[in-house]
Amino acid sequence: MASVSKPTLYYFDARGRGEIIRLIAAEVGLEYQEVSLGTYNFAGEQSQAFRDLVASGQLAYNQVPFWKEPSGFTLTQSAAIVRHLARKNKLYGKTVEEESTVDEILESIGDFLIGFSTGFRKVMTSQGDEQKKEAFEETKKGASKWFGFWERKLSANNKGEGYFVGDAITVADISIFNAVEFGQELANKDDYPLLSAHYGRIASRPGIAAYLKNEKRHPAFSLKV
């Protein structure tokens with residue numbers, strides 16, 4: 001594969017696990033290029049582009065997103081890429097305690113995304129409207145639980161009027177924003193006033209606001225049935 005002058009993100013034509021990487025890049029003004037792996041197939045074989053990438057031997061676990069830097073440094077596993085970019089761009093807190101709190105929040109988001117992904121797959125693969133509705137309602141309950149947890153966590157730092165950790169933005173804030181955007185058709189963020197206000201603050205940050213308005217941004221999937 002030819003050398004590049006910018007980092008490269010390899011992912012499917014979807015928000016999915018790649019979206020948080022795009023949001024972090026938008027926040028810090030990181031220029032990168034993206035290689036499309038086509039449309040993700042929930043029920044069958046993946047694209048030829050993905051299979052070629054697997055065959056190249058570059059993917060440690062045969063999974064994407066895949067991040068490659070001009071130095072040749074590579075990472076798979078979205079959580080590892082997120083933490084790497086956060087450390088490089090000073091989005092990980094100012095003290096060891098803040099770093100650990102960021103980790104705690106990122107782990108909670110990981111749990112939420114497992115439930116969201118499981119629910120999404122059930123809705124997409126269920127046979128018949130009744131099964132789809134049951135899967136959708138089950139996923140809604142999980143989203144509401146996590147929104148409530150995050151509302152409580154946010155309230156513990158500066159009365160919820162700033163950021164999740166400390167007095168400056170961290171990757172925890174951007175990741176919560178991403179999770180709430182994913183889940184907002186499942187749980188009404190307006191039922192969580194602190195979380196909703198935080199969402200608005202992150203959405204209005206210059207780099208992120210510009211990215212959200214970009215017409216090339218991938219559309220959101222809908223779980224509604």
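This report describes the sheet, the core, the salt bridges and some backbone features of one predicted model.

In this predicted model, local features need pLDDT of at least 70 and side-chain atom pairs count only at pLDDT 80 or more, while totals for chains, interfaces and linings use all residues. Residues are numbered from 1 along each chain as its sequence is written, and side-chain values use heavy atoms, with hydrogens and water left out.

## The sheet

Helices (H or I, at least four residues) and strands (E, at least two) are DSSP runs, numbered from the N terminus. Two strands count as paired if DSSP finds at least two bridges between them. Strands of a sheet pair through backbone hydrogen bonds, either parallel or antiparallel.

The model has an open sheet of 4 strands in the order β2-β1-β3-β4, and the pairing is mixed. The edges are formed by β2 (33-36) and β4 (74-76); each has a single partner strand, so one side of each is left without a neighbour in the sheet. From one strand to the next, the twist averages 20 degrees.

Strand β1 (residues 8-11) pairs with strand β3 (residues 66-68) in the antiparallel sense, over 3 bridges. Within this pairing, T8 has K68 in β3 as its bridge partner. Strands β1 and β2 run parallel and are joined by 4 bridges; here Y10 stands opposite V35 in β2.

Together with helix α1 (residues 19-28), β1 and β2 make a right-handed β-α-β unit. A crossover is right-handed if, with the strands pointing away from the viewer, the path from the first strand over the helix to the second runs clockwise.

Another helix, α3 (residues 78-88), lies across β3 and β4 and runs at about 135 degrees to β4. For such angles, axes are lines fitted to C-alpha atoms, for helices over the stretch in contact, and the angles run from 0 to 180 degrees between N-to-C directions.

A nonpolar core is a set of buried Ala, Val, Leu, Ile, Met, Phe, Trp, Tyr and Cys residues joined through side-chain atoms within 4.5 Å. Buried means under 20% relative accessible area, exposed means over 50%, and partly exposed lies in between (1.4 Å probe, protein chains only).

The largest nonpolar core has 58 residues, and V64 and W150 are those with the most contacts inside it. Leaving aside neighbours within four places in sequence, V64 is in contact (heavy atoms within 4.5 Å) with Y10, Y11, F12, L37, F50, L53 and L59.

V64 also takes part in a cis peptide bond, which joins V64 to P65 with omega about 15 degrees. P65 is placed in the loop between α2 (48-55) and β3.

## Salt bridges

A salt bridge is a side-chain nitrogen of Lys or Arg within 4 Å of a carboxyl oxygen of Asp or Glu. The whole structure has 13 salt bridges. The table lists some of them.

| Pair | N to O distance |
|---|---|
| E69 and K88 | 3.5 Å |
| R83 and E107 | 3.0 Å |
| K153 and E104 | 2.7 Å |

E69 and K88 form a salt bridge that links distant parts of the chain: E69 is in the loop between β3 and β4, K88 is in helix α3, and they are 19 residues apart. E69 counts as buried at 9% relative accessibility, whereas K88 counts as exposed at 53%.

The side chains of R83 and E107 also meet in a salt bridge. R83 lies in helix α3 and E107 in helix α4 (residues 96-125), so the pair ties together parts that are 24 residues apart in sequence. R83 counts as buried at 14% relative accessibility, and E107 is partly exposed with a relative accessible area of 46%.

K153 forms a salt bridge with E104. K153 lies in helix α5 (residues 129-155) and E104 in helix α4, so this pair ties together parts that are 49 residues apart in sequence. K153 is partly exposed at 31%, and E104 counts as partly exposed at 45%.

There is also a network of salt bridges that links R15, E19, R22, E34, E181 and R217.

## Positive phi angles

Most residues other than glycine have a negative phi, and most peptide bonds are trans. Q77 is not a glycine, yet has a positive phi of about 70 degrees. Q77 lies in the loop between β4 and α3 and is partly exposed, with a relative accessible area of 36%. K90, also a residue other than glycine, has a positive phi near 55 degrees. K90 is found in the loop between α3 and α4 and counts as exposed at 79% relative accessibility.
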